[in-house]
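Got a minute to go through this model and ask where its labels come from? Have a look first, then we'll take the labels one at a time.

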Amino acid sequence: MKRIITFTLLICFLLSGCTKQNSKLTKTVLAMDTVMTLTIYGGTEQHMDEAGQLIKELDDLLSATKDSSETNLINTSHGASISVSDKMMHLIRRSVELGDSTNGALDITLTPVIRAWGFLGGDHRVPDDSELQTLLEKVDYSKIQTGDGTVALPEGMEISFGAVAKGYAGDLLMELFSSQGIESAIVTLGGNVQALGLKPDGSKWNVAVQDPFSDGTLGMLQVDDKAVVTSGGYERYFEQDGETYWHIIDPATGKPAGSGLVSVTIVCDSGVTADGLSTALFVMGLEDAIEYWKTNGGFDAVLVTDDGSVYVTKGIAGDFEPENGQMQIIE
Ligand code: ADP
Ligand code: MG
């Protein structure tokens with residue numbers, strides 16, 4: 001009898017252990033102008049609350065439209081050097097590095113131009129060439145000066161993090177979940193997906209890549225411990241006089257990037273790198289994007305051109321299944 005009780009207790013213990021390991025918690029957060037869904041396995045409500053707080057804190061810190069944000073503090077500093085938080089410092093440094101490596105295709109000082117098109121609050125409109133030329137005089141990320149915990153931005157220039165903030169949020173969420181002892185988690189932050197580890201059953205996560213031409217799926221991607229970030233012209237745009245104007249802007253012209261790419265998905269260890277590169281490679285176009293991948297490496301990509309062709313870098317070719325079975329592998 002004693003044996004049976006011990007055995008029963010053991011089974012109960014094992015079962016409850018398993019349940020805890022695999023228990024799934026999901027939370028939806030509205031922040032950074034988008035819907036965010038967080039899923040963790042084997043964590044608690046408190047872990048989730050901490051994640052929600054982290055997102056809110058980041059949104060308050062980085063937003064270009066909140067008066068009290070650190071971004072706005074920098075933008076209204078009239079050229080003075082000001083002290084900033086470690087998070088702000090990190091994000092500016094990484095954005096500047098990505099600006100350098102992409103030859104300026106990513107430029108966090110594009111803010112006045114983004115605003116002129118109505119992509120930073122306000123109404124959508126088409127600015128004329130002379131307005132854009134004047135605004136572009138205030139665009140040049142290389143003029144951002146960083147010191148030991150300080151940032152100085154020339155008078156009249158403004159930074160914003162629309163192209164990298166969600167990716168950075170993904171990185172910080174993965175860091176937080178890890179520190180909480182969670183081994184399995186996935187977050188969807190608008191078009192960004194980031195996964196910690198494998199699924200609780202030990203298999204890879206399935207991430208759907210959106211078809212830029214429809215509401216459907218372009219293909220399924222299997223990943224573990226990676227960020228999967230898509231930039232697409234279809235995500236935010238407006239139409240005027242039969243023309244479509246989207247929110248990804250070429251810093252060389254101040255106009256929506258017309259590179260021939262309609263969607264760029266980056267798969268990478270780092271969310272902020274994936275986010276920055278998805279925007280930058282969209283601006284570059286197919287040829288330069290492939291060249292960038294060959295020269296720099298450290299990530300994989302799914303690139304879709306305006307004629308519907310799908311190009312996949314070889315590192316993920318075996319993990320990507322296109323809906324229509326067609327893709328070209330970049331070696
Ligand atoms: P999403 O916000 O839809 O995920 P992206 O990551 O591509 O898409 O970021 C696009 C946003 O980044 C735009 O809404 C704009 O605020 C900003 N942006 C647009 N073009 C650039 C650029 N070339 N460099 C830096 N930021 C940009
Ligand atoms: Mg981006």
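Q: What makes a residue buried, exposed or partly exposed?
A: Buried means under 20% relative accessible area, exposed means over 50%, and partly exposed is in between (1.4 Å probe, protein chains only). One caution before we go on: this is a predicted model, where local features need pLDDT of at least 70, side-chain atom pairs count only at pLDDT 80 or more, and totals for chains, interfaces and linings use all residues. Residues are numbered from 1 along each chain as its sequence is written, chains are lettered from A and ligands numbered from 1 in the order in which they are written, and side-chain values use heavy atoms, with hydrogens and water left out.

Q: Why is D33 called exposed?
A: Because its relative accessibility is 67%, and the cut-off for exposed is over 50%. D33 is found in the loop between β1 (24-31) and β2 (34-41).

Q: And why does D225 count as partly exposed?
A: D225 comes out at 39% relative accessibility, so it counts as partly exposed. You'll find D225 in the loop between β9 (217-223) and β10 (227-232).

Q: What makes the phi of D33 worth a remark?
A: Most residues other than glycine have a negative phi. D33 isn't a glycine, yet its phi is positive, near 65 degrees. D225 is another such case, with a phi near 55 degrees.

Q: Why is β16 described as largely enclosed?
A: Six of the six residues of β16 are buried, so the rest of the structure largely encloses this strand. Both faces are covered, with D300, V302 and V304 on one side and A301, L303 and T305 on the other. As for the strand label, strands are DSSP runs of E with at least two residues, helices are runs of H or I with at least four, and both are numbered from the N terminus.

Q: How do you know that β16 and β17 pair?
A: Two strands pair if DSSP finds at least two bridges between them. β16 (residues 300-305) and β17 have three, in the antiparallel sense, and V302 stands opposite V312 in β17. The two strands form a hairpin with four residues between them, and G308 in the turn has a positive phi of about 90 degrees.

Q: Which way do the residues of β17 point?
A: V310 and V312 point one way and Y311 and T313 the other, and all are buried.

Q: What makes the ligand 1 contact at A105 a polar contact?
A: A polar contact is a pair of N or O atoms within 3.5 Å; within protein, one must be able to donate a hydrogen and the other to accept it, and residues adjacent in sequence count only if both atoms are side-chain atoms. Here a nitrogen atom of ligand 1 is 2.9 Å from a polar backbone atom of A105. An oxygen atom of ligand 1 is also 3.1 Å from a polar backbone atom of A163.
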